[in-house]
Amino acid sequence: MLHRNLGPFDTTAIGHGEMPLTIENNRGHDVGIETLHASLDAGCRHIDTAWAYYTPGEEEQTGEKLVREALDTWHGPKDEVLVATKIGLRRAWDGDKPVWPRDGKPEHLIRYGKESAMALGVDTIDLLYMHRHDPEVPYNESIEAIKQLVDEGVAQYAGVSNVTIEQLDIARGILGDKLIAVQNQYSPVHLDTQDTLDYCAKLGLAFVCWSPLGGYRHPYDEHKFDPFREVAAKHGVSYQQVVLAWELAKGDHMFVIPGAHRPETILDSLKAGELELDEEDFAKLG
Ligand SMILES: NC(=O)c1ccc[n+]([C@@H]2O[C@H](COP(=O)([O-])OP(=O)(O)OC[C@H]3O[C@@H](n4cnc5c(N)ncnc54)[C@H](OP(=O)(O)O)[C@@H]3O)[C@@H](O)[C@H]2O)c1
């Protein structure tokens, strides 16, 4: 399994995005535990979750609780596993559409951070992200709350997610070397965050790609995956492995957190760290 340094953490370049296991259309609690155990058994040492990974209208924080239960019932080396979570979003229904209302009020973030630690069953969260900017709250005020959580020991390190370069600079100014990661969307169908990916390389910050396989929000242009399918046929692997290997090749600061609804898909994705793409492949993939 390919390992890299995410800030001070030695962890796997391919993490496990927990979200599909507990938001709408999940396959239930037991499959969730089975899927997390499968990736941990295969050597995955980074799990990504969030306060808001639950089905709207149902029990809150079920993603964090599932991660806690999976680790509690797993017999492997739990202290090797980096668990990252995020605060600043909630879930709700807008008619029949599930949505993600933002809540970046400092006093609420302090409460969410403490609730995340409790749901995860830890005194200190390894890595806590500000999930997304709440336009009703100046970004620096939300980030000051994240800093307070770090200062109080609720979180060891901080990250920011869904940020522009300008927001990242605000966070750097407040969090200093406690800021270790940026989690932005990046994949062959979402390349508009290339600027933050390059900026992270320059700053020495980890860039964690969310929805690295395109995610669940369709439609997007499926043809963008055609070159990846061609390269996959040559290597005899899934095109998803080629996508993840291509993303990881963007730099040593790159991390991917593919999601899965079942063990089979995450186990396949975790093999991408061993896939070696050659020059001909990169010429095709860009
Ligand atoms: N920071 C943020 O705002 C934010 C937003 C969204 C997501 N995220 C994070 O990013 C993670 C990943 O995003 P995501 O789950 O939306 O999307 P994704 O990883 O791009 O795609 C997940 C989908 O791809 C399929 N898949 C995964 N590996 C596969 C393989 N090897 N072969 C075939 N199919 C495969 C899964 O299929 P099956 O359904 O068949 O298992 C799943 O439906 C989330 O879990 C979450 O942790 C963060």
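User: Is Gly215 buried, partly exposed or exposed?
Analyst: Gly215 counts as partly exposed because its relative accessibility is 26%, where buried means under 20% relative accessible area, exposed over 50% and partly exposed in between (1.4 Å probe, protein chains only). This is a predicted model, in which local features need pLDDT of at least 70 and side-chain atom pairs count only at pLDDT 80 or more, while totals for chains, interfaces and linings use all residues. Residues are numbered from 1 along each chain as its sequence is written, and side-chain values use heavy atoms, with hydrogens and water left out.

User: Where does Gly215 lie, and how far is its C-alpha from that of His190?
Analyst: Gly215 sits in the loop between strand S11 (206-210) and helix H7 (226-235), helices (H or I, at least four residues) and strands (E, at least two) being DSSP runs numbered from the N terminus.

User: Switching to Thr12, what does its side chain reach?
Analyst: The Thr12 side chain reaches the backbone nitrogen of Arg45 at 2.9 Å, and one of its polar atoms lies 3.0 Å from the backbone oxygen of Ile14. Both belong to the class of polar contacts (N or O atoms within 3.5 Å; within protein, one must be able to donate a hydrogen and the other to accept it, and residues adjacent in sequence count only if both atoms are side-chain atoms).

User: Is Thr12 buried or exposed?
Analyst: Thr12 is buried, since its relative accessible area is 0%, and it belongs to strand S2 (residues 9-12).

User: OK, salt bridges: how many does the count come to?
Analyst: The count comes to 17 salt bridges, each being a side-chain nitrogen of Lys or Arg within 4 Å of a carboxyl oxygen of Asp or Glu. One of them joins Glu24 to Arg91, with the closest N and O atoms 3.1 Å apart. Glu24 lies in the loop between strand S3 (16-17) and H1, and Arg91 in the loop between strand S5 (82-87) and strand S6 (92-94), so this pair ties together parts that are 67 residues apart in sequence.

User: And are Glu24 and Arg91 buried or exposed?
Analyst: Both Glu24 and Arg91 are buried.

User: What about Lys234, which side chain does it meet in a salt bridge?
Analyst: Lys234 meets Glu280 at 2.8 Å, N to O. Because Lys234 is in helix H7 and Glu280 in helix H10 (residues 279-285), the pair ties together parts that are 46 residues apart in sequence. A network of salt bridges links Lys234, Asp278, Glu280 and Asp281, and Lys234 counts as partly exposed at 42% relative accessibility.

User: Last topic, backbone angles: what is the phi of Asn25?
Analyst: Asn25 has a positive phi of about 70° although it is not a glycine. Most residues other than glycine have a negative phi. Asn25 is exposed, with a relative accessible area of 69%, in the loop between S3 and H1.

User: And Asn162, what is its phi?
Analyst: Asn162, also not a glycine, has a positive phi of about 60°. It is placed in the loop between strand S9 (155-161) and helix H5 (165-175), and Asn162 is buried, its relative accessible area being 17%.
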